[in-house]
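Trainee: Please walk me through how to read the fold of this chain.
Mentor: Gladly. Here it is.

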Amino acid sequence: MRGMPTSPHHPRARASIAALSVVAVLGLTACTSPEPDPEPATSETATADASASATPEVSVEPVVATLPDERGTVDVAVRSLVLDDNGTTMTLRVDFTPHLVKPEDGMTLSMINNFFFIFPELLDREHLKRYSVITGEGPQDWLTNEDTRTENDETLSSWFVYAAPEDDVEAFTLTMDGWALEVPGVEVTA
Amino acid sequence: MSAVPVLVVVGMLLPFAYVDRADAPEPSAEKIERSVSTYSLEGSVERVEPPKPTSAGVTLTIGSDVLFAYASAVVDESAQAAVAAQLDQIPAGAQVTVEGHTDSRGGDAVNLPLSAARAEAVAAVLRAHRPDLVLAVVGKASSEPAVSETDEQAMARNRRVELSWAG
C-alpha cells in the first residue's frame with residue numbers, strides 16, 4: 001500500500017514575506033525609520049557563511065537506491081549531519097541525483113518518489129530510537145526544503161531538520177525504507 | 001509621493017524576502033532558529049514505550065527498523081544490549097509470546113517468513129538473557145497492522161516485534 005499523494009504546495013513563506021515587504025515599504029516612506037535591524041541572513045549569506053565556516057562533510061560513501069517498479073535509480077550522497085547552534089535540532093544535508101526511466105521536468109523529491117512524500121529517517125539502534133523530520137502545525141508541513149526541484153541526472157540538494165540526539169550518539173543510520181536504502185555511520189558533528 | 005524611493009526600497013528588500021525560500025539548498029540560520037518555536041519536536045523521536053495493557057495481557061512493542069537492517073532477520077549488534085535491558089520488565093518465569101509483524105509491502109510470500117524469522121531472532125535474545133521465560137514464537141506478516149498504512153511513517157509503525165505476557 002502506498003503513501004499519501006502530495007497536494008500542490010503554495011509558497012506561503014514567499015507570499016507572506018512579500019506582503020510584509022510591501023507594508024514595510026509603505027511604513028518607511030511615511031515616517032522616519034528607526035535604527036535599522038541587523039541585516040538578516042540571505043540564502044547567499046548563509047551559503048557564504050557555510051563555506052566560510054566549512055560545514056563538515058561526513059565521510060560516507062554515496063549509495064545508489066533502486067526505485068520500485070523499475071522506475072530507475074537515485075544516487076544518494078549524505079553531505080553532513082550537524083547539531084544546530086540552538087542545541088535542540090540537527091540538520092541533515094543530502095544530495096539526490098535521480099536517473100529515472102521516465103523523468104519529468106523540475107522534479108521535487110516526492111515527484112522522484114512517484115508523487116509520495118519520502119524523507120530520510122535516522123536510526124539510533126544502540127538506544128532503539130527513530131528520528132523523523134520535525135513537523136509544523138499545518139498539513140504536510142515538515143521542516144525541509146521539500147519544494148526544491150531538479151532535472152533528471154542532476155543533483156537535488158536537500159536538507160531535513162530533526163530533534164537533536166537524546167543520547168550520546170556518535171553516528172546514525174540513515175534509512176529510506178521505500179527505497180530499501182540504508183546508510184550506516186552518519187556521524188553527528190557540532 | 002514619488003515612486004522612485006519606493007522602488008528603491010522594494011529593490012533592496014526583495015532579496016531578503018527569500019531568506020527562507022523552500023528551494024534554498026541550505027536552511028538559513030534564522031529558519032533553524034525559528035524551527036524551535038514554529039515546529040514541534042513532539043513525536044519526532046520514536047522510542048520504546050513502556051509495556052501497555054492489551055487483549056494479550058501486557059505487550060512491549062519494539063519497532064523493527066531499530067532492530068534489523070532492511071529485509072534482514074539478524075538483530076543489529078548495536079541494538080542487542082538495549083533489547084536485553086528491556087527484558088527486565090518481564091516477570092520471572094512468564095509465558096511470553098513473541099510476534100513478528102511487517103508492513104504490507106511485498107505480500108505474504110515475503111512477509112510471513114520474514115516476520116517469523118525476526119520473531120525468532122528476538123526470541124533468541126530472550127533465551128540468552130532470560131532463560132527463565134517460556135516462549136511462543138510466531139510470525140504474523142501484515143495481518144495485524146497497528147495503524148492504517150497512510151504514509152511511510154505509518155508503515156514503519158506496523159513493522160514491529162511484540163512481546164506479550166499475562167498482566
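**Reading chain B**

Mentor: Start with one strand pair: β3 (residues 57-63) and β6 (residues 160-165) of chain B run antiparallel and are joined by six bridges. Two strands pair if DSSP finds at least two bridges between them. This is a predicted model, where local features need pLDDT of at least 70, side-chain atom pairs count only at pLDDT 80 or more, and totals for chains, interfaces and linings use all residues. Residues are numbered from 1 along each chain as its sequence is written, while chains are lettered from A and ligands numbered from 1 in the order in which they are written.

Trainee: Which residue of β6(B) is the bridge partner of T61(B)?
Mentor: Strands of a sheet pair through backbone hydrogen bonds, either parallel or antiparallel. Here, T61(B) has E162(B) as its bridge partner.

Trainee: What is the order of the open sheet in chain B?
Mentor: Its five strands are ordered β2-β3-β6-β4-β5, with mixed pairing. At the edges stand β2 (52-54) and β5 (134-139) of chain B; each has a single partner strand, so one side of each lacks a neighbour in the sheet. On average, neighbouring strands of this sheet are turned by 30 degrees against each other, direction ignored. Axes are lines fitted to C-alpha atoms, for helices over the stretch in contact, and angles run from 0 to 180 degrees between N-to-C directions.

Trainee: Which strands does helix α4 of chain B lie across?
Mentor: Contact means C-beta atoms, placed from the backbone, within 7 Å. Helix α4 (residues 108-129) of chain B lies across β4 (95-101), β5 and β6 of chain B, at about 140 degrees to β4(B).

Trainee: How many helices and strands are in chain B?
Mentor: Chain B has five helices and six strands. Both are DSSP runs, numbered from the N terminus: helices are H or I, at least four residues, and strands are E, at least two.

Notes: Two residues are in contact if their C-beta atoms, placed from the backbone, lie within 7 Å.
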